[in-house]
Amino acid sequence: MSTSMFFSPFVVAVAGCFMILGLGCFGIYSEMDQKRIRSQERMTLLARGMSIEDIERLQRQVQNEDVTDPVRTMNNIRRTAMILFGSGVGIVAFGLLFAAIMQMRVLFIVPAAGLLPVAIGVGFWIDYKMQARDLARFGLEVDSQSPARK
């Protein structure tokens, strides 16, 4: 009886709910742990004799160092778009060639599956172009040939 419970069609849905619940709980725990570590750092710096203003200035510097460069983020998005688009086109070409060689209509599912990375790559490319337009509004131009600040 206990083994038949694992072959139920509801096992996947229940496991998915538990996974989502677990990820949410882990996120909350992680945020609480980060706050605890930050407060311990502040208490340690206070015990060493630093003033509150110096501690706050030091913590602002650390937070500012964690800020990512928007041009670097855009380059990563562009690179991801090109990889997804290229791999999707390769999968589509492979699927079409394979279906032509084997002469089986069922194999046309392979190029259809290759359209997924193509579509995601196009979405990343659109996001890249939108971010480049937004940065241009602030006077920061991004050239697609040599992505650097001008």
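User: Where does Gln103 lie?

Analyst: Quick heads-up: this is a predicted model, where local features need pLDDT of at least 70, side-chain atom pairs count only at pLDDT 80 or more, and totals for chains, interfaces and linings use all residues. Residues are numbered from 1 along each chain as its sequence is written, and side-chain values use heavy atoms, leaving out hydrogens and water. Helices here are DSSP runs of H or I with at least four residues, numbered from the N terminus. On that numbering, Gln103 sits in the loop between H4 and H5.

User: Is Gln103 buried or exposed?

Analyst: Buried means under 20% relative accessible area, exposed over 50%, and partly exposed in between, with a 1.4 Å probe and protein chains only. Gln103 has 71% relative accessibility, so this residue counts as exposed.

User: What phi does Gln103 take?

Analyst: Most residues other than glycine have a negative phi. Gln103 is not a glycine, yet its phi is positive, at about 50 degrees.

User: How are H4 and H5 oriented to each other, roughly parallel or roughly antiparallel?

Analyst: Axes are lines fitted to C-alpha atoms over the stretch in contact, with angles from 0 to 180 degrees between N-to-C directions. H4 (residues 70–102) and H5 (residues 109–137) pack at about 160 degrees, their axes 7 Å apart. Under 35 degrees counts as roughly parallel, over 145 as roughly antiparallel, 65 to 115 as roughly perpendicular, and the rest as oblique. The pair is therefore roughly antiparallel.

Technical notes. Helices (H or I, at least four residues) and strands (E, at least two) are DSSP runs, numbered from the N terminus.
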